[in-house]
Amino acid sequence: VAARLETLYAAAFARDEEALKTLYRPLHGPSAEGARLPDDAARCAAFLDRLTALLTRANYAPLPRAALERAVTRHAVPGLSIRVDFDRYDVLALHVRGGLRTCRTQRSWRSGGRRREVEFAAHERVVMLVRLRDEPVLHLKLFQDVPEVDVELLLPGTQLRMRWIDHVKIGGSGGTALVSLAIRALTAATVAPLFILIGGATYAGSTAWRYLQAKDSYKTRLMREVFFQMLDSGEGVLTRLVDEAEDEEAKEAFLAWAA
């Protein structure tokens, strides 16, 4: 019975996989002009319906918007401040499966600056289907071991925000030099306008350079987290989901037969 069921499921899910990929290819690779195809809306709706049915059979559950909004206010990655504009998304759907606990190493003023292990609730698998309003491409990605409070970090189009402590660090050193320059200029017998102009330009350039360096470090930390958590993208995600759904359906059928 198990062998017969596996053969039937393999044939049925192979047809589903091919149908899903046929619907997804034009959505993932738009026309050469970079515009959406004329039947984009209907094709996207049909793909979403079939993908949702497949995710349900693979025992994935949709992640509600409220959970995403709560995640924006708290992160497992220390030092990152994220702003998400949900109005920018034309399509936004996340499905999760499995619950586990994951640990991150963090420094905290409560522990005197020493490193300590912090435990977070996490999703074993996260499927993300998203498209920005100003982009024609429909992104499909699969992630693993994602903390519940970091789900929004996976979304494209998230905006990094500087912490107040970073603004203080960036402006502090340059501000001190500018104040010193102003005092010297005021106490000098003759004030040289060119001297003040050069000092102001140097301060502005130094501040801009420090700001860009801090922003790049934020992006590097964010990309490092996302890179190590992503399992697959595009059609590869569909292949993995079909395999998972086939396994889950077969397990349930075996259990029912045994019962």
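Leu129 is buried, with a relative accessible area of 2%, and its place in this predicted model is in strand β4, which covers residues 115-132. The chain as a whole contains 6 helices and 7 strands, and buried residues make up 36% of its 259 residues. Read from the N terminus, the order of the elements is α-α-β-α-β-β-β-β-β-α-α-β-α. Of the contacts in the chain with a separation of 6 or more, 75% are accounted for by residues 24 or more positions apart.

- When residues up to four places away in sequence are not counted, Leu129 touches Phe47, Leu48, Leu51, Val91, Leu92, Ala93, Leu138, His139 and Leu140.
- Leu129 and Leu94 are 35 residues apart in sequence, while in space their C-alpha atoms are 6.3 Å apart.
- His95 belongs to strand β3, made up of residues 89-107, and it counts as buried because its relative accessibility is 10%, where buried means under 20%.
- Leaving aside neighbours within four places in sequence, His95 is in contact with Thr52, Leu55, Tyr60, Ala61, Pro62, Leu63, Arg125, Val126 and Val127.

**Helices α1 and α2 and the contact between them**

- Helix α1 (residues 2-28) and helix α2 (residues 40-57) have axes that come within 9 Å and cross at roughly 145°, and the crossing in which α1 passes α2 is left-handed.
- On the α1 side, the contact is made by Tyr9, Phe13, Asp16, Ala19, Leu20, Thr22, Leu23, Tyr24, Pro26 and Leu27, and on the α2 side by Asp40, Arg43, Cys44, Ala46, Phe47, Arg50, Leu51, Leu54 and Arg57.
- Helix α1 has 27 residues and reaches 37 Å from its first C-alpha to its last, which is close to the 39 Å expected at 1.5 Å a residue.
- Within α1, the residues that are buried are Tyr9, Phe13, Glu17, Leu20, Lys21, Leu23, Tyr24 and Leu27.

- Helix α2, with 18 residues, reaches 26 Å between its first and last C-alpha, close to the 26 Å expected at 1.5 Å a residue.
- Which residues of α2 are buried? They are Asp40, Arg43, Cys44, Phe47, Leu51, Leu54 and Leu55, and because they cover an arc of only 95° around the axis, they lie on the same side of α2.
- Ala41, Ala42, Asp49 and Thr56, by contrast, are exposed on the other side of α2.

**Positive phi values and the region after α2**

- Asn59 follows α2 and is found in the loop between α2 and β1; its phi is near 65°, a positive value in a residue other than glycine.
- With a relative accessibility of 36%, Asn59 counts as partly exposed.
- Asp145 also has a positive phi in a residue other than glycine, in this case near 50°, but Asp145 is found in strand β5, residues 139-147.
- The relative accessible area of Asp145 is 34%, so that Asp145 is partly exposed.
- Pro64 is found in the loop between β1 (61-62) and α3 (65-72), and at 47% relative accessibility it counts as partly exposed.
- Although Pro64 and Ala93 are 29 residues apart in sequence, they are 8.8 Å apart in space, C-alpha to C-alpha.

**Helix α6**

- Helix α6 (residues 235-258) has 24 residues, which should span 34 Å at 1.5 Å a residue, and the end C-alpha atoms are 35 Å apart, which agrees.
- The buried residues of α6 are Val237, Leu238, Leu241, Val242, Glu244, Ala245, Glu246, Glu248, Glu249, Ala250 and Ala253.

Key: Residues numbered from 1 in each chain as written. Predicted model: local features only at pLDDT ≥ 70, side-chain atom pairs only at ≥ 80, totals over all residues. Heavy atoms only, no water. Axes fitted to C-alpha atoms, helices over the stretch in contact; angles between N-to-C directions. Helix = DSSP H or I, 4+ residues; strand = E, 2+ residues; numbered from the N terminus. Left-handed = near helix turned anticlockwise from the far one by under 90°. Contact = heavy atoms within 4.5 Å. Expected span 1.5 Å × (residues − 1). Buried < 20%, exposed > 50% of the residue type's maximum accessible area, 1.4 Å probe, protein only. Arc of directions from axis to C-beta.
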